[in-house]
Amino acid sequence: MTSSTPDTPLFDNPVIPGFHPDPSACRVGEDYYLVCSSFEYFPGVPIFHSRDLVHWRQIGNVLDRPSQLPLPADAMASDGIYAPTIRHHDGRFWMITTNVSSGGNFVVSAERPEGPWSDPVWLDLPGIDPDLVWDEDGNCWSAFAGASGPSFHGVQVARVDPAAGKVLEGPFPAWAGTGLQWPEAPHLYRVGDWWYLLIAEGGTERGHTVAIARARSPRGPWEGAPHNPILTHRGTNRPIQSTGHADLVTTPDGQWWMVLLATRPRGYSPNFHVLGRETFLTPVRWEDGWPHVDPVNLRERAPSGWHPVEADPARDDFDAPDLAPAWISPRSRPDGSWSLTERPGWLALHATGSTLDRPGATLVGRRQRYPESRTAVLLDPGSGRAGLSVRLDEAHHYDLEVADGQVSVIARIGPLRQTTATRPVPPGPVTLAITTHWTRQLPQAEDEPTGLHVAAPDYLVFHVGDEPLAELDGRYLSTEVATGFTGRVIGLYATAGTAWFDWFEHTPLNIPGNS
């Protein structure tokens, strides 16, 4: 733990919990804005606002129209939108990213961070993870990763016109990192007389690192820092792992900070992270012309200018004219699949697919934000089939489902689908809840195989009202099992007919009354 003075509070990492990877941030005056990858979910690229780099509130999604986010109906889980960069230049916000499922690299821009953001301007650049930066002459440069040439695989740089979508010079090879796999996530910065190129390498798993090089020009040549990697937790037993994919930002009084992704794995070897890659914050200091970064702590001394902003609400009563920006859906959300006006004060979901096991079903979800949590809804299933699902992808989800007068707990794990428990329920609205715990809550079944529940990362308990119905091992809804780049999304769904949801609540378990 980092020491603190009475005038310097401590903050808790991650600063944006849950599936919020690949953070990029910029400062405009005393305001900070941050974006994250969204992969196959719509709307895409959540955007957050802060006054102190610690307290963040989601103010929208950059890609909130189908014209901005063309995703095939069968786009694979963990495809879609990769690694956005947000910058502010000449009175306008710019966001550049990659749609790996359709079209490649593109830029959108806006006068205000809340939007509306423009339709995509496509750039004829290969690779992924593009960056934007302007030099003192107004030239715009883009660094990007993952493009191979005859003798080079690493980060490349091009001079571009982002408004017209034109490549004006290059691309040309820049830096391949220190020799680890997947040199990616490049960001260019001008600091004094030097240009700095920050990258991630080693892969986004436990070998993840942050490295940096510098040059006198964006064209290079680049020299790596003598203390590379400047940040990694690989090979340690720290509770924070997979540190990487970072961006640098300064405070008005000249402090330097780094936003980055990392995970909080738990359980027995190899350990499992279930919330996805989250956004962390750590201080940066400069020595001898290079940035230095200490290991990332779960508690850290806060930046100057402690200024909390209004937090995203834990409860949604569906009384607003539109869905809050935190709600996301796999691939698309057709207008006819949901409504907040058909039954005022309720979210209506109309089934567009008969199963969550394939793309096309109606699901509206929010990222799981807390390792130990309680998520509850009041559901009126009508004569349809609907419920509450904890989702990694179509092949990995647990469902608490109401249909035909009974409630069921259904587990989909790879090729296997099993109903683990059922109970009759009367007609009309019913409260469903799912809690996640680090320890088991229900007695072990007599016929349970040895080792089925051994040091899992967490356990999910499914409730009807206040009564538990079943408990499932959380490791099967982890990236280590399901693979990919996302984290858990807890969703409201309908797979037959129409269902109505009166309210939704997602809170940490340590809130009184949530045990």
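Trainee: How many residues of domain 1 and of domain 2 are in contact?

Mentor: In this predicted model, 34 residues of domain 1 touch 38 residues of domain 2, counting heavy atoms within 4.5 Å as contact. The domain assignment puts domain 1 at 20–301 and domain 2 at 315–508. Their centres, taken over C-alpha atoms, are 32 Å apart.

Trainee: What area do domain 1 and domain 2 bury between them?

Mentor: About 2800 Å². Carbon and sulfur atoms account for 59% of it. On the domain 1 side, Tyr41, Phe272 and Val274 supply 25% of the area buried against domain 2, more than any other three residues.

Trainee: Now the sheet. In what order do its four strands run?

Mentor: General idea: strands of a sheet pair through backbone hydrogen bonds, either parallel or antiparallel. Here the order is E2-E3-E5-E6, in an open sheet with antiparallel pairing. Neighbouring strands are turned by 25° against each other on average, direction ignored.

Trainee: Which residues touch the most other members of the largest nonpolar core?

Mentor: Phe318, Leu347, Leu492 and Phe501, out of 39 residues. Strand E31 (residues 385–393) gives the most to this core, with four residues. Apart from it lies another core, of 21 residues, including Trp194 and Phe280.

Trainee: Beyond four places in sequence, what is Leu347 in contact with?

Mentor: Its contacts include Phe318, Trp338, Leu492 and Phe501.

Notes
Residues are numbered from 1 along each chain as its sequence is written. This is a predicted model: local features need pLDDT of at least 70, side-chain atom pairs count only at pLDDT 80 or more; totals for chains, interfaces and linings use all residues. Side-chain values use heavy atoms; hydrogens and water are left out. A nonpolar core is a set of buried Ala, Val, Leu, Ile, Met, Phe, Trp, Tyr and Cys residues joined through side-chain atoms within 4.5 Å. Buried means under 20% relative accessible area, exposed over 50%, partly exposed in between (1.4 Å probe, protein chains only). Helices (H or I, at least four residues) and strands (E, at least two) are DSSP runs, numbered from the N terminus. Two strands pair if DSSP finds at least two bridges between them. Axes are lines fitted to C-alpha atoms, for helices over the stretch in contact, and angles run from 0 to 180 degrees between N-to-C directions. Domain bounds come from an automatic or database domain assignment. Buried area is the accessible area (1.4 Å probe) that two parts lose on being put together, summed over both.
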